[in-house]
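Here are my comments on the model you asked me to look over. Please read them with the structure open.

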Amino acid sequence: LRIATRKQRRKEGDMADYMQESLGAAALIQSLGREGDAVRAFAKTNRRNARAGLKTARAAARLSSSVEGLLAAALGITVLLGGLRVLQPEAAFSAGELIVFISYVRGLMKPIRAAAKHQARVAKGTACGERLLRVLDEDRPVRLSSGKKRPPASPQRLAYEQVSYSYPGSGQVLSQVSFAIKAGDYVALFGASGAGKSTVAALALRLMDPDEGLVTLDGIELKEFDLDRLRTCFALSMQSTVLFGASVAENLQLGDPEAEEAAMWSALEAAGAAELVRGLPGGLEYRLGSAGSALSGGQRKRICLARAFLRQSAILIADEPFNGLDVHAAAKVEASLRAHAERGGMVIVVTHDAASLHSFDRILFIEGGRLMGQGTDRELRSEPGAYQRFVEAAEGSRR
């Protein structure tokens with residue numbers, strides 16, 4: 001029964017996962033005309049779940065019928081053997097004693113019968129508890145290896161020293177990467193998709209730790225800082241837009257829960273999203289729908305950028321901030337990023353777009369997980385090599 005219940009819970013999880021993925025990608029499925037395939041796939045997972053439920057129900061029924069049969073047989077044997085002893089010439093038992101003994105046996109059967117009746121619930125609870133404990137017991141090496149130091153309020157230098165990293169089950173994505181970024185720098189992490197740029201950004205926030213090498217802030221390894229306080233030094237705008245089905249204001253306040261309305265409008269202005277929000281019914285109180293479904297891709301990108309600006313952290317990391325934006329919106333965002341660096345912050349822009357490279361103070365060119373060069377766009381173009389070939393190919397494809 002426990003084995004069948006565990007399988008049933010796994011099938012229920014598979015069904016819920018598929019349903020969530022299908023509903024989240026409803027527009028894509030409809031655009032490809034694959035609604036029928038999605039329905040059939042869901043029906044298949046539903047049937048598997050139903051079969052697992054039937055196996056659990058059969059196991060529970062077999063347990064109940066087996067217990068009832070055994071208890072009936074035990075009572076019959078008790079009456080038979082007790083009756084024989086009462087009928088013996090020199091009876092060791094009287095009829096009254098036999099009746100009392102049978103009542104004792106019946107009393108013993110009640111909790112056994114109740115335990116069998118509730119065994120299915122116990123098995124379900126055990127299976128659910130095992131799944132919960134598996135999540136709760138998940139290893140947390142990043143948090144457990146954190147120190148207690150307070151990070152500097154205005155960090156001056158973020159450095160990578162011979163950093164290598166591999167994702168579990170895949171090859172090495174970063175190999176011996178070394179560079180430093182100082183306060184006031186406006187830097188691009190540039191390279192092809194999959195070169196390791198986003199991994200470099202994730203290591204700065206300690207979303208994971210490097211396999212080899214060190215990442216330091218003002219000369220101190222990140223592991224020595226308190227993790228929660230360390231992350232207050234960073235603001236991150238991810239490549240994938242992550243919004244919740246709450247109001248615009250509530251989504252922005254994820255960056256700063258105590259932000260006032262004026263600060264929100266200032267952040268929206270910096271991200272080129274102020275006019276967009278003013279045009280929504282209710283403005284800041286407009287509810288975005290599940291995962292921000294009420295907005296277009298470019299609009300969601302600008303709201304996420306505004307959330308990063310609202311955080312007002314010393315180090316701002318923007319992953320593909322110009323992707324999906326029109327020329328005017330991209331120029332507005334670029335000016336805001338530049339202004340943040342001029343105020344003494346560090347700005348790291350992860351990009352594979354060659355069109356905007358001329359505006360950066362420095363470019364870190366990453367190819368195949370290695371740092372292949374760093375400098376201004378002019379300096380890197382002047383040296384024959386991978387950067388020059390990559391940029392010229394990108395410009396040729398745009399023409």
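This is a predicted model: local features need pLDDT of at least 70, side-chain atom pairs count only at pLDDT 80 or more; totals for chains, interfaces and linings use all residues.

1. Helix α1 (residues 2-24) packs on helix α3 (residues 35-87). The axes are 8 Å apart, at an angle of about 165°. That angle makes α1 roughly antiparallel to α3, because angles over 145 degrees count as such. The crossing of the two helices is left-handed.

2. Now the residues in that contact. From α1 come A4, T5, K7, Q8, K11, E12, M15, Y18 and M19. On the α3 side, the list includes D37, F42, R48, G53 and T56. By class, the contact has eight nonpolar, seven polar and six charged residues.

3. On to the rings. The structure holds six aromatic pairs. One of them joins Y165 and Y167. Their ring centres are 5.0 Å apart and their planes stand at 90°, so the pair is edge-to-face. Y165 has 8% relative accessibility and therefore counts as buried. Y167, at 32%, counts as partly exposed.

4. F365 and Y387 also form an edge-to-face pair. Centre to centre, the distance is 5.4 Å, with 80° between the planes. Both F365 and Y387 are buried. What does this pair tie together? F365 lies in strand β9 (residues 362-367) and Y387 in helix α15 (residues 386-398), so the link joins parts that are 22 residues apart in sequence.

5. One more residue belongs with that pair. Ring pairs link F190, F365 and Y387 into a cluster.

Notes. Residues are numbered from 1 along each chain as its sequence is written. Side-chain values use heavy atoms; hydrogens and water are left out. Axes are lines fitted to C-alpha atoms, for helices over the stretch in contact, and angles run from 0 to 180 degrees between N-to-C directions. Helices (H or I, at least four residues) and strands (E, at least two) are DSSP runs, numbered from the N terminus. Angles under 35 degrees count as roughly parallel, over 145 as roughly antiparallel, 65 to 115 as roughly perpendicular and the rest as oblique. A crossing is left-handed if the near helix is turned anticlockwise from the far one by less than a right angle, and right-handed if clockwise. Contact means heavy atoms within 4.5 Å. Ala, Val, Leu, Ile, Met, Phe, Trp, Tyr, Cys and Pro count as nonpolar, Asp, Glu, Lys and Arg as charged, and the others, Gly among them, as polar. Rings of Phe, Tyr and Trp (its six-membered ring) pair if their centres lie within 6.5 Å; planes under 30 degrees apart count as stacked, over 60 as edge-to-face and the rest as tilted. Buried means under 20% relative accessible area, exposed over 50%, partly exposed in between (1.4 Å probe, protein chains only).
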